[in-house]
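Hi there,

Here is the model I promised to pass on.

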Amino acid sequence: MRSGIHTGEIEIRDSGFAGLTVHVAENISGKARAGELLVSGVVSNLVAGSGLHFRERGGETIDGIPGEVRLLAVSDVVRHWSTVLNGMQVDLAAFKRETDT
């Protein structure tokens, strides 16, 4: 697995999603190494305080974007997402209990 994440406005078309944000996310994904979750600097700024840790990957040029895009690799992806998913299971169980009554 390798993945890239960016955030911003998108265009929704009959054929799917499009726009500059999608273009940037696709390029970031292409720069990720095997087993790596790579995010843009925008994403790392938005999740400040979440407990995620990042390793700097430096700036990369992306066609259509002036300057460089800051890239960061999420540290210990498996441990973090296991924690998130476990938390979601607890939340979903609590939700189910509340809605079953």
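Let me start with a charged pair: the side chains of Arg-13 and Glu-11 meet in a salt bridge at 2.6 Å, N to O. By salt bridge I mean a side-chain nitrogen of Lys or Arg within 4 Å of a carboxyl oxygen of Asp or Glu. Arg-13 counts as partly exposed at 48% relative accessibility, and Glu-11 does as well at 39%. Here, buried means under 20% relative accessible area, exposed means over 50%, and partly exposed lies in between (1.4 Å probe, protein chains only).

Before going on, two notes on the source. This is a predicted model, in which local features need pLDDT of at least 70 and side-chain atom pairs count only at pLDDT 80 or more, while totals for chains, interfaces and linings use all residues. Residues are numbered from 1 along each chain as its sequence is written, and side-chain values use heavy atoms, with hydrogens and water left out.

Back to the charges. The count comes to five salt bridges. One of them joins Glu-60 and Lys-31 (3.7 Å, N to O). Glu-60 sits in strand β5 (residues 54–61) and Lys-31 in helix α1, so this pair ties together parts that are 29 residues apart in sequence. Helices (H or I, at least four residues) and strands (E, at least two) are DSSP runs, numbered from the N terminus. Glu-60 is partly exposed at 27%, and Lys-31 is partly exposed at 25%.

Arg-70 and Glu-56 form another salt bridge, at 2.7 Å from N to O. Because Arg-70 lies in strand β6 and Glu-56 in strand β5, the pair links parts 14 residues apart in sequence. Arg-70 is partly exposed, with a relative accessible area of 38%.

Now for the inside. Which residues make up the largest nonpolar core? There are eight: Val-24, Ile-28, Ala-32, Leu-38, Ile-62, Val-69, Leu-71 and Ala-73. A nonpolar core is a set of buried Ala, Val, Leu, Ile, Met, Phe, Trp, Tyr and Cys residues joined through side-chain atoms within 4.5 Å. Helix α1 (20–31) and strand β6 (68–74) are the elements that give two or more residues to this core, and β6 gives the most, with three. A second, separate core has five residues, including Val-39, Val-43, Leu-72 and Val-74.

Leu-38 is worth a click. Leaving aside neighbours within four places in sequence, its contacts (heavy atoms within 4.5 Å) include Ser-3, Ile-5, Ile-28, Arg-57 and Leu-71.

Ser-44, in helix α2 (residues 41–46), is buried, with a relative accessible area of 9%. Its side chain reaches the backbone oxygen of Gly-41 at 2.9 Å. Not counting residues up to four places away in sequence, Ser-44 touches Val-39, Phe-54, Arg-70 and Leu-72.

Leu-20, in helix α1, touches Gly-64 and Ile-65, with residues up to four places away again not counted. Leu-20 and Gly-64 are 44 residues apart in sequence and 8.2 Å apart in space, C-alpha to C-alpha.

And is Ile-12 buried or exposed? Ile-12, placed in strand β2 (residues 11–13), is exposed, with a relative accessible area of 69%.

Enjoy exploring it!

Best wishes

Technical notes: A polar contact is a pair of N or O atoms within 3.5 Å; within protein, one must be able to donate a hydrogen and the other to accept it, and residues adjacent in sequence count only if both atoms are side-chain atoms.
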